[in-house]
Amino acid sequence: MNSVSEAELADFAKNKAVKRLSIIQSEAETYHIVINLTWKDGDWTLVTSRGKPREWSSLDRLARHIREKYDGVLPPVSLFLSKQTIT
């Protein structure tokens with residue numbers, strides 16, 4: 001897994017190096033951020049300082065985090081919801 005820290009993502013965003021930012025919902029119904037960079041191939045997952053994927057339990061909190069940290073410097077954000085079977 002390619003990983004990126006919060007500080008690196010902030011720097012990449014400021015320098016307009018983020019080609020695409022995606023919010024991915026896991027099967028556990030948490031959300032994480034995956035980016036694509038203009039100068040490197042592949043997907044890059046936002047991780048914590050301990051190297052684990054940064055997760056949010058609420059889409060509202062994640063949206064607020066993105067607005068506070070990166071508002072105005074990111075490309076449009078895509079949202080991918082997990083396929084859940086409703087019973």
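Entry 1, the helix. I started with α1, where Glu6, Leu9, Phe12 and Ala13 are buried. They span an arc of only 125 degrees around the axis, so they sit on the same side of α1. I keep in mind that this is a predicted model. Turning to the face directed away from that buried side, I found the exposed residues Ala7 and Lys14. Then I looked for the cover over the buried residues of α1, and it includes β1 (2-4), β2, β3, β4 and α2. Just past the helix, I noted a positive phi of about 55 degrees at Lys16.

What does Glu6 meet in a salt bridge? I found the side chain of Arg54, at 2.9 Å from N to O. Glu6 belongs to helix α1 (residues 6-14) and Arg54 to the loop between β4 (44-46) and α2 (59-70), so the pair, 48 residues apart, links distant parts of the chain. I checked burial too: Glu6 counts as buried because its relative accessibility is 17%, under the 20% limit. Arg54 is partly exposed at 27%. The structure holds one salt bridge.

The largest nonpolar core has 19 residues, and Val18, Leu21, Ile33, Ile35 and Ile66 touch the most other members. I see at least two residues each from α1, β2 (18-25), β3 (31-37), β4 and α2, with β3 giving the most, four.

Terms used
Residues are numbered from 1 along each chain as its sequence is written. This is a predicted model: local features need pLDDT of at least 70, side-chain atom pairs count only at pLDDT 80 or more; totals for chains, interfaces and linings use all residues. Side-chain values use heavy atoms; hydrogens and water are left out. A salt bridge is a side-chain nitrogen of Lys or Arg within 4 Å of a carboxyl oxygen of Asp or Glu. Buried means under 20% relative accessible area, exposed over 50%, partly exposed in between (1.4 Å probe, protein chains only). A nonpolar core is a set of buried Ala, Val, Leu, Ile, Met, Phe, Trp, Tyr and Cys residues joined through side-chain atoms within 4.5 Å. The arc is that of the directions from the helix axis to the C-beta atoms. Contact means heavy atoms within 4.5 Å.
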